[in-house]
Amino acid sequence: MSDVVTKDSANINDSSATTDSPMPIPDVDNYVAYTIRNTKALPPITWSNLLNEINWLSVYILTVPPLVGIVGAFYVKLQWQTALWAVVYYFMTGLGITAGYHRLWAHRAYNASLPLQYLLAILGAGSLQGSIKWWSRGHRAHHRYTDTELDPYNAHKGFWYSHIGWMLVKPRRKPGVADVSDLRHNPVVRWQHKHYLSLILIMGFVLPSVVAYLGWGDAKGGFIYAGVIRLVFVHHSTFCVNSLAHWLGETPFDDKHTPRDHMITAFVTIGEGYHNFHHQFPMDYRNAIRWYQYDPTKWTIWVLQKLGLASHLKVFPDNEVRKGQLTMELKRLRRTQENLTWPSDSNDLPVISWDSFTTQSEKRPLILISGFIHDVSDFIEEHPGGGHFIRNFIGKDATTAFFGGVYDHSNAAHNLLAMKRVGVLHGGSPHGLDDKRAIPPSQRLKIARYTELLSPGSSSTYSDGEDGLL
Ligand SMILES: [Zn+2]
Ligand SMILES: [Zn+2]
């Protein structure tokens, strides 16, 4: 934003002139930490230095249009043709940013023919968000250094900072290095940079007024509604990608950083609201991967391809996209798993001899099933099949009876049974622990961390004494 009028101001944030062609490859463990340690930042903004640190050009650009729009709306009646034109022009100039600045130039998500590039560059200029080169340079840094001090709109600095605050004050440090050498050699990008001031005046204000004047004689309405007020909406639509899209919604593909997916964000940003997906797969021409999700920018690019104006639309391999989704689902399931109480396994239980088991069964109701000894004292009367079945098997091996000899119990019954484990029978069980029936159904499929899979399980050791259980 800060370079919308002069080329000099575009260089405030732009370290690309000296650092990104060819891009240096630092030999450090952590580039962000290294850069923060070794580069100087301006002092933090305080009330005492605030006036000196304000980026006045951006302040004017971001405050004058809303004020003019509000005042103008009082004096200029809104005609329906002008209202319609303002909405259409909002989408046209917005797409200049989303399909042009963002997905074409910042991310190279597809190839655009020369006429389309000029069209997007012109429409993007009508959004007054800086030149393609400046905008893309900052956005590439945002992706490379998301949520760090080198991210120009670091979401960790708060919603309003990432929305608008970062433009209102002079940046505390340069954004991290990002390669924009491709853009520097692009003739359309160079052309736009050169004619930027004329383009923003014509596309921002003159064209919307002229169309309304020639179409239905409403030059003033065209200026206020399709020019000024439309501009305010386009501004905040784009700003929401840096604020709302890093704050509201879900993280279905990765939760390492702040970007999130939400339908509301998509509606206010012409489809840029599936930002969690976008940060994971930034070169994908899509933000929304489902047909029913709102992504008019994707639809536009697709139509442009059908018209022969765009080509080589990049799509990330579905197999890799689904891996991200699976990882997040597994994380959620892991949390559910960790919040449940699980039975003790054979490593945690005392190993009891048959003699000890039968002896102790005389003092309390113990039943052997699948090699595990269970204390069923709190369940005898609760047993749906009747307490007498349980009493009949106290001090005995009820494995066959439990698994169909008397009644083929449900998985839920097996899970519940496992919660009553108090010991493991040593040796003598005909239904050893290798038996699948020793593992309750709820534990046959589990979420395990990589490191847990690597660590060898300890084997149970014989630990019985006469009072091994008690
Ligand atoms: Zn982002
Ligand atoms: Zn992006």
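Is Met-419 buried, exposed or partly exposed, and how many C-beta neighbours inside 10 Å does Met-419 have? The last view takes up this question.

**View 1. Overview of the predicted chain.** This is a predicted model, in which local features need pLDDT of at least 70 and side-chain atom pairs count only at pLDDT 80 or more, while totals for chains, interfaces and linings use all residues. Residues are numbered from 1 along each chain as its sequence is written, and chains are lettered from A and ligands numbered from 1 in the order in which they are written. The chain holds 22 helices and six strands, taken as DSSP runs numbered from the N terminus (helices H or I, at least four residues; strands E, at least two). Of its 470 residues, 40% are buried, that is, 20 or more other C-beta atoms, placed from the backbone, lie within 10 Å of the residue's own. Among contacts (C-beta atoms within 7 Å) between residues at least 6 apart in sequence, 72% join residues at least 24 apart.

**View 2. Packing of helix α5 against helix α13.** Helix α5 (residues 56-75) and helix α13 (residues 219-242) pack at about 135°, with axes 9 Å apart; axes are lines fitted to C-alpha atoms over the stretch in contact, and angles run from 0 to 180 degrees between N-to-C directions. The two helices are therefore oblique to each other, a class left over once angles under 35 degrees (roughly parallel), over 145 (roughly antiparallel) and 65 to 115 (roughly perpendicular) are set aside. Residues in the contact include Leu-62, Pro-65 and Gly-69 of α5 and Ile-224, Val-228 and His-235 of α13. The contact residues divide into ten nonpolar, three polar and no charged, where Ala, Val, Leu, Ile, Met, Phe, Trp, Tyr, Cys and Pro count as nonpolar, Asp, Glu, Lys and Arg as charged, and the others, Gly among them, as polar.

View 3. The open sheet has the order β3-β6-β5-β4 with mixed pairing, strands being paired if DSSP finds at least two bridges between them. Strands β3 (351-352) and β4 (366-369) stand at the edges with a single partner each, so one side of each lacks a neighbour in the sheet. Strands β5 (residues 372-375) and β6 (residues 421-425) pair in the antiparallel sense over three bridges, and His-374 has Arg-421 as its bridge partner in β6. Helix α18 (residues 354-361) lies across β3, β4, β5 and β6, at about 140° to β4.

**View 4. Surroundings of Met-419.** Met-419 is found in the loop between α21 (411-418) and β6. Because Met-419 has 13 C-beta neighbours inside 10 Å, Met-419 counts as partly exposed, the class between buried and exposed (12 or fewer). Val-376 and Met-419 are 43 residues apart in sequence, and their C-alpha atoms are 9.9 Å apart in space.

Conventions:
Two residues are in contact if their C-beta atoms, placed from the backbone, lie within 7 Å.
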